[in-house]
Amino acid sequence: MNTQDTRTFSFELFPPKTPEGMEKLKGTVAELNAAGPAYFSCTYGAGGSTRERTFETVDWLCSQGIETAPHLACIGSDEAEIRDIVDHYISLGIHRIVALRGDMPSGMGRSGLGTFRYANELVSFLRREYGDRFHIEVAAYPEFHPQAPNANADLANFKRKVEAGADAAITQYFYNPDAYFEFVELCEEQDIQIPVVPGIMPITNYTQLARFSDACGAEIPRYIRKRLEAYGDDKASIRAFGHEVALDLCRRLLEGGAPGLHFYTMNQAEAPLALWRELELPSAA
Ligand code: FAD
């Protein structure tokens, strides 16, 4: 890596549901790892719903000597469970955690909320109990979190996570670079100084993307939706158009000073690697 380049480029995975999925993921990671990402992160289901599968994936990544950042979602877990998980990660030599609230699994009442209600409480706990052991990433929402009463309250909550000790943030995905640049400007006005790394969702499947976006409040601009809808089942055209959209977004973000990119891979190598290559991103190796 260019020693002057402090930007961080990383890949996100989710824990596969089946042994076949896990075998496939190993091949995907080998392909992605050849590009030289700074780290791989792995998602975690709130309430411990993916605990064993996340452990399996994280254990395997660590056994390969790969820099790994497990996600840790606190909602629905008590302090003892969180401590067990963190201790397991320490035993694996992990130094990086993506600290989240998570979303309550459906069917769990308020009594099952757990010890930590918001991500800032988890970050405070990690700092209090483990000092500077971990580089802590938190989530940021350039288009604002869907449950926030308003943009100012959401920004104040983001600031609370930073003051609790977060080192950096990864954003929810978005397709409008202005949303990101405006958010970064708001952060500067609030004296929030940590790097805010854009999360990039490659576009490969319109139905899936529309479903995710509805759930997490990420806007798909109308012109993108209309173009994707018009392709119908033509997967090749969806991928080609999706690639151009994501490439243009990444270029604008990097030209505008983004401190890196975090790719939501959906456990697929092809689309994020095509972006990585065309952007000529540096290898961290
Ligand atoms: P918080 O920062 O706690 O915010 C949640 C909501 O509460 C916001 O509306 C905020 O404004 C409000 N809020 C925050 N603090 C307070 C407070 N003290 N008082 C009142 N309101 C407050 N989900 C998973 O389950 N597993 C994952 O692995 C996962 N990985 C993710 C990775 C990234 C990069 C991103 C962007 C999201 C991820 N998510 C994951 C989704 C995330 O858990 C949800 O978006 C969740 O709804 C919010 O989590 P958070 O950590 O941002 O919560």
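The structure is a predicted model. In the shell around the ligand there are 24 residues, of which Tyr44, Asp103, Tyr141, Asp154 and Lys161 come nearest. The protein covers 85% of the 970 Å² of accessible area that the ligand has on its own.

**Ligand surroundings**

- Ten nonpolar, nine polar and five charged residues make up the shell around the ligand.
- At least two shell residues come from each of helix H4 (119-130), helix H5 (151-164) and strand S6 (168-173).
- H5 provides the largest share of the shell, with four residues.
- Aspartate 103 places a polar side-chain atom 2.5 Å from an oxygen atom of the ligand.
- For tyrosine 141, an N or O atom in the side chain is 2.7 Å from a ligand oxygen atom.
- Alanine 119 has a polar backbone atom 2.8 Å from an oxygen atom of the ligand.

**Helix H2**

- Helix H2 (residues 51-63) consists of 13 residues and spans 18 Å from its first C-alpha to its last, close to the 18 Å expected.
- Its buried residues are Thr54, Phe55, Thr57, Val58, Trp60, Leu61 and Cys62.
- The cover over these buried residues includes strands S1 (8-13), S2 (39-42) and S3 (68-73), together with helices H1 (19-33) and H3 (79-91).
- Glycine 65, which follows H2, has a positive phi near 75 degrees.

**Proline 177**

- Proline 177 lies in helix H6 (residues 177-189).
- Proline 177 counts as buried because its relative accessibility is 8%, under the 20% cut-off.
- Leaving aside residues up to four places away in sequence, proline 177 touches Leu249, Arg252 and Leu253.
- Proline 198 is 21 residues from proline 177 along the chain, and their C-alpha atoms are separated by 9.4 Å.

Terms used. Residues numbered from 1 in each chain as written. Predicted model: local features only at pLDDT ≥ 70, side-chain atom pairs only at ≥ 80, totals over all residues. Heavy atoms only, no water. Buried < 20%, exposed > 50% of the residue type's maximum accessible area, 1.4 Å probe, protein only. Contact = heavy atoms within 4.5 Å. Expected span 1.5 Å × (residues − 1). Near = heavy atom within 4 Å. Polar contact = N/O pair within 3.5 Å; in protein donor to acceptor, adjacent residues only side chain to side chain. Areas by Shrake-Rupley, 256 points an atom, 1.4 Å probe, with all protein chains shown as cover. Nonpolar A, V, L, I, M, F, W, Y, C, P; charged D, E, K, R; others polar.
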